[in-house]
Amino acid sequence: MSIKRFGVSLEDNLLESLDQYVDENGFANRSQAIRFLIEKNVAEKKWQCNHIVAGTIIIMYDQEKKAISAKIVGIQQDYQDAILSSSQYYVNQNFCLHIVTVMGTAHRLTELSDKLTAIKGIKHGKLVMSRAD
């Protein structure tokens, strides 16, 4: 794919924010950061348009609370069409990291993620998606 060059005009504070973003995220240059941000925006628009996406749902919870695990399994059974795999990793005696690999419409994956992260006792939950078409 060929690369096209163009100029961009930014206010000082916005340019400073871009440079800070480049540094914090380890981009080689501003162009790479801008490409990443545009791709991210395109992917997020596809999520809103309900295209096919793939991703992961990551949740962290206290493994001592047995009801949480049972609720996760119950919810996952209703979304078998979207779940590619589901794994648990015991981080320490207290915490379990649960990773669900998913693929389907953005709306369906968001719905699944919302249900999983809303379980009482979940310490942290996040859905990460990328376009798959």
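This is a predicted model: local features need pLDDT of at least 70, side-chain atom pairs count only at pLDDT 80 or more; totals for chains, interfaces and linings use all residues.
Local features were taken only where pLDDT is at least 70 and side-chain atom pairs only at pLDDT 80 or more, whereas totals for chains, interfaces and linings use all residues. Residues are numbered from 1 along each chain as its sequence is written, and side-chain values use heavy atoms, with hydrogens and water left out.

Helices and strands are DSSP runs numbered from the N terminus (H or I, at least four residues, for helices; E, at least two, for strands). Just after α1, Gly 26 adopts a positive phi of about 70°.

The structure holds 4 salt bridges, a salt bridge being a side-chain nitrogen of Lys or Arg within 4 Å of a carboxyl oxygen of Asp or Glu. Burial is stated as relative accessible area (buried under 20%, exposed over 50%, partly exposed in between; 1.4 Å probe, protein chains only). One of the salt bridges joins Arg 30 to Asp 19, with the closest N and O atoms 2.6 Å apart. This pair links distant parts of the chain, since Arg 30 belongs to helix α2 (residues 30–49) and Asp 19 to helix α1, 11 residues apart. Arg 30 is partly exposed at 39% relative accessibility, and Asp 19 is partly exposed at 27%.

Glu 39 and Arg 131 form a further salt bridge, at 2.7 Å from N to O. Here too distant parts of the chain are linked: Glu 39 is in helix α2 and Arg 131 in strand β4, 92 residues apart. Glu 39 counts as partly exposed because its relative accessibility is 42%; for Arg 131, also partly exposed, the value is 34%.

In helix α4 (residues 106–117), Glu 111 and Arg 108 are 3 residues apart, and therefore separated by about one helical turn. Their side chains meet in a salt bridge of 3.6 Å, N to O. Glu 111 is partly exposed at 29%, as is Arg 108 at 24%. Salt bridges with shared partners join Asp 81, Arg 108 and Glu 111 into one network. Helix α4 also contains Leu 116, which is buried, with a relative accessible area of 0%. The C-alpha atoms of Leu 116 and Ile 75 are separated by 7.1 Å, although the two residues are 41 apart along the chain.

Surface patches consist of residues with over 30% relative accessible area and no salt bridge; like charges are joined within 9 Å and nonpolar side chains (Val, Leu, Ile, Met, Phe, Trp, Tyr) within 5 Å. Accessible areas come from the Shrake-Rupley method with a 1.4 Å probe, and for residues only the protein chains shown count as cover. Phe 6, Val 8, Leu 10 and Leu 14 make a nonpolar patch of about 390 Å². Of these, Leu 14 lies in helix α1 and is partly exposed at 43% relative accessibility.

A positive patch is formed by Lys 65, Lys 71, Lys 120 and Lys 123. Lys and Arg count as positive and Asp and Glu as negative, while His and the chain ends are not counted; the place of a charge is taken as NZ of Lys, CZ of Arg, CG of Asp or CD of Glu. Lys 123 is located in strand β4 (residues 122–131) and counts as exposed, at 52% relative accessibility.
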